[in-house]
Amino acid sequence: MTFLVTGGAGFIGSAVVRELIEKTPHRVVNVDNLTYAGNPESLARVDSDERYEFRLADICDAAAMARIFREYQPDVVMHLAAESHVDRSIDGPSAFIETNIVGTYTLLEAARVYWKGLQDSAPQKAANFRFHHISTDEVYGDLHGVDDLFTETTPYAPSSPYSASKASSDHLVRAWNRTFGLPTLVTNCSNNYGPFHFPEKLIPLMILSALAGQSLPVYGDGKQVRDWLFVEDHARALVQVACEGKIGETYNIGGHNEKQNLEVVETICDLLEELAPRKPPGVENYRDLITFVADRPGHDQRYAIDASKIQRELGWTPRETFESGMRKTVCWFLENEVWWLRVQNGSYQGERLGVTA
Ligand code: NAD
């Protein structure tokens with residue numbers, strides 16, 4: 001089968017592309033316009049495989065999307081392209097509205113026209129076609145109890161421009177299924193972490209700041225709770241939903257790893273004490289670098305996912321615990337300095353000059 005993956009140069013998208021190329025026989029077309037978050041170096045392990053192709057294109061460009069569908073005739077679309085950083089959505093929401101809402105609409109329309117055409121030219125291929133939209137648990141808003149969980153039927157109540165734009169895109173995808181019959185699936189996942197994570201996000205930011213002897217800024221009191229999932233567990237779940245999920249359904253994906261932000265930062269410090277004992281000058285304990293800063297506006301208190309449906313219906317469970325996944329992540333950053341140094345100094349963006357549209 002041919003998988004059209006959007007946003008495949010991003011953090012989760014690149015894990016999905018690696019999973020597809022390394023663990024399945026499928027062909028992958030990666031459609032990405034390489035924003036600051038897109039890094040072709042995250043695909044170095046697979047980009048010379050003959051089953052992999054890269055297309056530099058913006059999902060908001062209707063003509064380019066129509067061309068790509070015509071040219072590659074995909075069997076499955078996995079839509080991950082998005083603006084994904086909450087802080088950036090507060091500083092400048094416009095790109096989030098454009099890519100997450102208008103871009104998803106544009107892609108849905110290109111998929112619909114292509115799929116309609118298949119119904120005449122290749123009915124069997126049309127019958128098997130699937131459009132999988134990848135979303136976040138942040139669309140559900142936040143939880144204030146200690147043991148309540150987001151399920152697939154929790155009403156949407158997004159708090160940030162990021163989560164509101166993702167919520168809009170989820171509604172569009174479901175409407176294209178209900179109104180036009182487009183065979184769609186939606187997944188909503190908790191916070192991911194792991195190798196190739198862009199260094200502006202909490203976990204890599206804390207690892208790299210600690211290694212540099214810089215302060216580790218924690219929002220508010222650090223008591224916000226997030227449910228963490230190792231990115232490779234997520235990629236495996238996504239491929240399974242794309243291939244085996246029931247059309248029209250939503251699946252929540254989570255790691256059963258609820259942690260307070262402060263606990264996450266302390267875990268990183270403790271792993272670094274063990275794995276990187278030679279500390280920067282002036283640092284006695286990594287934990288001494290933790291500082292508390294003003295809370296983010298609209299900061300959600302707690303997210304926690306009930307992932308029992310995907311477990312029950314598709315048999316998926318995470319392989320990594322928080323402890324094993326965090327150890328793998330810290331080791332990866334210690335062993336892959338070239339990757340993150342090139343992100344920090346901006347040279348990774350030079351790669352985009354070498355790819356053609
Ligand atoms: P990311 O920011 O790391 O990557 C996004 C990718 O999309 C980049 O490669 C970027 O170049 C590309 N992109 C952005 N705008 C584009 C456009 N207009 N056209 C084509 N490509 C474009 O994001 P991520 O963390 O890998 O998240 C991927 C998806 O998963 C997103 O939809 C996000 O909402 C969702 N998600 C993320 C998390 C998480 O913890 N990171 C959790 C749940 C769901």
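Colleague: Which residues touch the most other members of the largest nonpolar core?

Modeller: Val5, Val16, Met78 and Ile310, in a core of 37 residues. The elements that give two or more residues to this core are β1, α1, β3, β4, β6, α8, β10 and α10 (308-314). Another core, of 34 residues, lies apart from it; Phe198, Trp228, Tyr286 and Trp340 are among its members. This is a predicted model: local features need pLDDT of at least 70, side-chain atom pairs count only at pLDDT 80 or more, and totals for chains, interfaces and linings use all residues. Residues are numbered from 1 along each chain as its sequence is written, and side-chain values use heavy atoms, leaving out hydrogens and water.

Colleague: What makes a set of residues a nonpolar core?

Modeller: Its members are buried Ala, Val, Leu, Ile, Met, Phe, Trp, Tyr and Cys residues, joined through side-chain atoms within 4.5 Å. Buried means under 20% relative accessible area, exposed over 50%, partly exposed in between (1.4 Å probe, protein chains only).

Colleague: Why is glutamine 73 called partly exposed?

Modeller: Its relative accessibility is 32%. That counts as partly exposed. Glutamine 73 lies in the loop between α2 (62-72) and β4. Helices (H or I, at least four residues) and strands (E, at least two) are DSSP runs, numbered from the N terminus.

Colleague: What is the strand order of the open sheet?

Modeller: β3-β2-β1-β4-β5-β6-β10, 7 strands with parallel pairing. The edge strands, β3 (52-56) and β10 (250-253), each pair on one side only.

Colleague: How do you know that arginine 88 sits over the ring of tyrosine 36?

Modeller: The test asks for NZ of Lys or CZ of Arg within 6 Å of the ring centre and within 35 degrees of the ring normal. Lysine 309 lies over the face of tyrosine 251, at 4.9 Å from the ring centre.

Terms used
Pairing = 2+ DSSP bridges.
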